[in-house]
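Student: I would like to go through the pockets of this model with you, and to hear the reasoning behind each label.

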Amino acid sequence: MNDLRDTLHQGQWFAALPPALQQALLAQGKLLSLEAGQRLFSRGDAPSGLYAVLKGAMRVGSVGADGREALLVLVEAPHWFGEIALFDGQPRTHDAVAEGASTVLHVSQAGLLALLDTHPAYWRDLALLMAHKVRLAFIALEEISLLPAAQRLARRLLLIAEDYGETQGPRHIIHLSQEQLAAMLAISRQTANGVLKDLQARSIVRLTYGEIEILDLDELRKAAQ
């Protein structure tokens, strides 16, 4: 339990919750272990509650009729997700699939609603989780409309390196393939590869299989301007 709490406390949202709410989430939560490629939930599924990634990563997106994937985000520890369906009670809007062997904490929909009925002030804490993601979504939409691919890619790398503003400090290894990054930005793999190769030539990043290492965070910030 202490290891679980320590992992979740690395995230600013959970760390800022009232201690009683933290304890309630931990008490209600059940650990789920998923294999690579295992589906947690699918688009159209009934609401199932709230999840936190403790190990590994969850790929959240959808697959079109032509087989192409629209990847929204790769959710890694200690991020929480799934809260939208808690608010509106509507079916899931996207698929959530384990990127590799992963462990998530699951707090059921029924348990959460019962908790919120008893402590309605906690709705604000859940709303802050959703508001943070809505803010990021608006930023992403603006970037798609206004910015060239190179700047959008640099901004997305910076956002991921800074863990979407959720953890205390930047990380320098991003576990993301070029194909996945291209899918997130709705650009071709060739375009993403060209931009990444340019960043590598400028010693801003180093490319390895399935990973992007940030070598110079300040220069990446300049590329994102």
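This is a predicted model: local features need pLDDT of at least 70, side-chain atom pairs count only at pLDDT 80 or more; totals for chains, interfaces and linings use all residues.

Student: What makes Leu-72 a lining residue of the largest pocket?

Tutor: A lining residue has an atom within 4 Å of a pocket point, and Leu-72 is among the 48 residues that line this pocket, whose volume is about 1300 Å³. Leu-72, Val-73, Lys-133, Leu-136 and Ala-137 are the closest of these to its centre.

Student: Why is the largest pocket said to lie between domain 1 and domain 2?

Tutor: Because domain 1 (1-140) and domain 2 (147-224) both give residues to its lining, the pocket lies between them. Among the elements that each supply at least two lining residues are strand 5 (69-76), helix 4 (84-88) and helix 8 (178-185), while helix 6 (122-146) gives the largest share, with 12 residues.

Student: How do you know how many residues of that lining are nonpolar, polar and charged?

Tutor: Each residue is sorted by its type, with Leu, Val and Ala counted as nonpolar and Lys as charged, and the lining then divides into 30 nonpolar, 7 polar and 11 charged residues.

Note on methods: Residues are numbered from 1 along each chain as its sequence is written. Side-chain values use heavy atoms; hydrogens and water are left out. On a 1 Å grid over the protein atoms alone, a cavity is a set of points where a 1.4 Å probe fits but cannot get out, and a pocket is an open set with protein on both sides within 12 Å along at least five of seven lines; lining residues have an atom within 4 Å of a point. Grid points are joined across faces, edges and corners, and a volume is the space filled by probe spheres set on the points. Helices (H or I, at least four residues) and strands (E, at least two) are DSSP runs, numbered from the N terminus. Domain bounds come from an automatic or database domain assignment.
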